[in-house]
Amino acid sequence: MAQIVLAGGNGFLGKALAAHFAAKGYEPVILTRKPEAGNIFKQIVWDGATVGPWAKALEGAFSVINLAGASVSKRHTRAYRQQILSSRLLPTQAIGKAVAQCDHPPRWWLNASGINIYPCAAGRMYDEAAPLDGTDFLADVCRQWEEAAGAFTLQHTRRVLLRTALVLGRSNQSVLQPLAQLARLGLGGPAGDGLQLMSWIHVMDYVHAVDFIMHDTDWQGPVNVASPQTVTNGQFMQAIRQAVGCRFGLPAPAWGIRLGSLLMNREASLLLHSACAYPRRLVEAGFAFRFPKLEPAVADLLSRD
Ligand SMILES: NC(=O)c1ccc[n+]([C@@H]2O[C@H](COP(=O)([O-])OP(=O)(O)OC[C@H]3O[C@@H](n4cnc5c(N)ncnc54)[C@H](OP(=O)(O)O)[C@@H]3O)[C@@H](O)[C@H]2O)c1
């Protein structure tokens with residue numbers, strides 16, 4: 001059975017990918033620092049930093065998908081910024097070295113990245129050819145992350161950088177679920193002025209896009225993994241309110257979000273700043289989005305069946 005190695009695969013996206021590829025007859029193999037009891041998939045311990053016995057899992061594998069990275073939703077203190085960066089660079093470098101040492105390297109190396117690599121100024125279209133002139137912390141993290149993945153000469157492995165938008169899912173690990181909970185309490189109004197732009201993707205489209213990339217064409221380089229529809233935060237919150245059946249949503253002023261985030265050790269900028277990208281490569285390759293529009297996507301994910 002062909003193996004798909006998922007580094008950091010016990011998180012939100014790794015679990016969704018593992019379930020999808022197992023159902024298609026692949027064997028998911030998870031690289032984790034702390035194996036989970038009761039996980040039905042094969043787990044191999046690694047330290048996320050150095051090449052070790054785990055690297056044998058890459059020999060002859062169909063692909064390696066690297067998702068490892070500390071959550072960006074916790075408050076970006078100086079110390080935590082370092083953790084966000086190193087938890088992405090070190091696993092990426094370790095995978096690059098391990099792939100380079102393989103006798104039979106994986107055909108694919110897909111490395112997570114983020115749409116925060118684009119600055120997202122209003123009125124501009126951020127497809128994969130857009131200049132990477134974002135100046136904030138996350139833009140810099142994404143650039144360094146992608147450079148780390150690109151630093152190896154690999155003749156037999158295709159490298160793809162998954163510039164991923166906000167992934168919406170049923171899992172409690174998806175940001176959609178706490179926002180829906182707030183909306184049910186009547187607190188699902190726009191964040192700040194509600195005009196900040198948001199790109200998003202339904203988790204089902206995320207896993208199908210990854211599958212599509214690894215099976216349909218000779219992909220390499222960056223791919224924006226986002227739905228074609230960018231919305232404002234106001235529209236996003238409205239779709240959530242509609243899905244949970246709550247007409248009213250108390251708006252959250254920017255200062256309130258900053259204060260609340262500080263108290264809860266969350267990063268306010270993720271809610272208050274724009275993050276957008278257009279999936280030109282997927283669209284031009286004919287990828288069929290199951291959920292190209294936000295309302296049906298949110299309704300599907302928040303339905304109770
Ligand atoms: N979810 C989204 O909406 C979204 C959007 C854009 C980009 N992304 C990127 O896609 C990747 C996967 O996202 P996700 O939502 O699945 O994240 P997640 O649920 O937080 O999972 C990430 C995994 O990374 C591993 N990890 C954390 N710190 C690490 C370290 N220092 N060294 C090695 N591994 C470490 C953890 O695995 P173990 O504890 O098992 O080792 C964790 O399960 C992340 O890099 C994220 O930045 C996600």
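**Exercise 1. Find which residue of S2 is the bridge partner of Val 5.**

Step 1. In S2, Val 5 has Val 29 as its bridge partner. Helices (H or I, at least four residues) and strands (E, at least two) are DSSP runs, numbered from the N terminus.

Step 2. The pairing joins strand S1 (residues 3-7) to strand S2 (residues 27-32) in the parallel sense, over 5 bridges. Two strands count as paired if DSSP finds at least two bridges between them.

Step 3. Helix H2 (residues 78-101) packs on the sheet and touches S1, strand S4 (63-66) and strand S5 (108-114). The direction of H2 makes about 165° with that of S4. Contact between two residues requires their C-beta atoms, placed from the backbone, to lie within 7 Å. Axes are lines fitted to C-alpha atoms, for helices over the stretch in contact, and angles run from 0 to 180 degrees between N-to-C directions.

A note on the model: it is predicted, so local features need pLDDT of at least 70 and side-chain atom pairs count only at pLDDT 80 or more, while totals for chains, interfaces and linings use all residues. Residues are numbered from 1 along each chain as its sequence is written.

**Exercise 2. Give the strand order of the open sheet, and state which strands stand at the edges.**

Step 1. The open sheet has 7 strands in the order S3-S2-S1-S4-S5-S6-S10, with parallel pairing.

Step 2. Strand S3 (42-45) and strand S10 (221-225) stand at the edges; each has a single partner strand, so one side of each lacks a neighbour in the sheet.

Step 3. From one strand to the next, the twist averages 25°.

**Exercise 3. Describe how H2 packs against helix H3 (residues 137-150).**

Step 1. The axes of H2 and H3 come within 8 Å and cross at roughly 15°.

Step 2. H2 is therefore roughly parallel to H3. Angles under 35 degrees count as roughly parallel, over 145 as roughly antiparallel, 65 to 115 as roughly perpendicular and the rest as oblique.

Step 3. On the H2 side the contact includes Arg 81, Ile 84 and Leu 85; on the H3 side it includes Phe 137, Val 141 and Trp 145.

Step 4. By class, this contact has 8 nonpolar, 4 polar and 2 charged residues. Ala, Val, Leu, Ile, Met, Phe, Trp, Tyr, Cys and Pro count as nonpolar, Asp, Glu, Lys and Arg as charged, and the others, Gly among them, as polar.

**Exercise 4. Classify the packing of helix H6 (residues 233-244) against helix H4 (residues 176-184), and then against helix H10 (residues 294-302).**

Step 1. The axes of H4 and H6 come within 9 Å and cross at roughly 65°. H4 and H6 are therefore roughly perpendicular to each other.

Step 2. Leu 179, Ala 180, Ala 183 and Arg 184 of H4 meet Ile 240, Arg 241 and Val 244 of H6. These residues divide into 5 nonpolar, no polar and 2 charged.

Step 3. H6 and H10 pack at an angle of about 45°, with axes 9 Å apart. H6 and H10 are therefore oblique to each other.

Step 4. The contact of H6 with H10 includes Phe 236 and Ala 239 of H6, and Leu 294 and Val 298 of H10. By class it has 9 nonpolar, 2 polar and 1 charged residues.

**Exercise 5. State how many residues surround the ligand, and which element gives the most to the shell.**

Step 1. The ligand is surrounded by 24 residues, the closest being Gly 8, Gly 11, Gly 48, Gly 69 and Ser 87. A residue is near a molecule or strand if its C-beta atom, placed from the backbone, lies within 6 Å of it.

Step 2. Helix H1 (12-23), H2, S5 and strand S7 (166-168) each supply at least two residues of the shell. H1 gives the most, with 3 residues.

Step 3. By class, the shell has 10 nonpolar, 12 polar and 2 charged residues.
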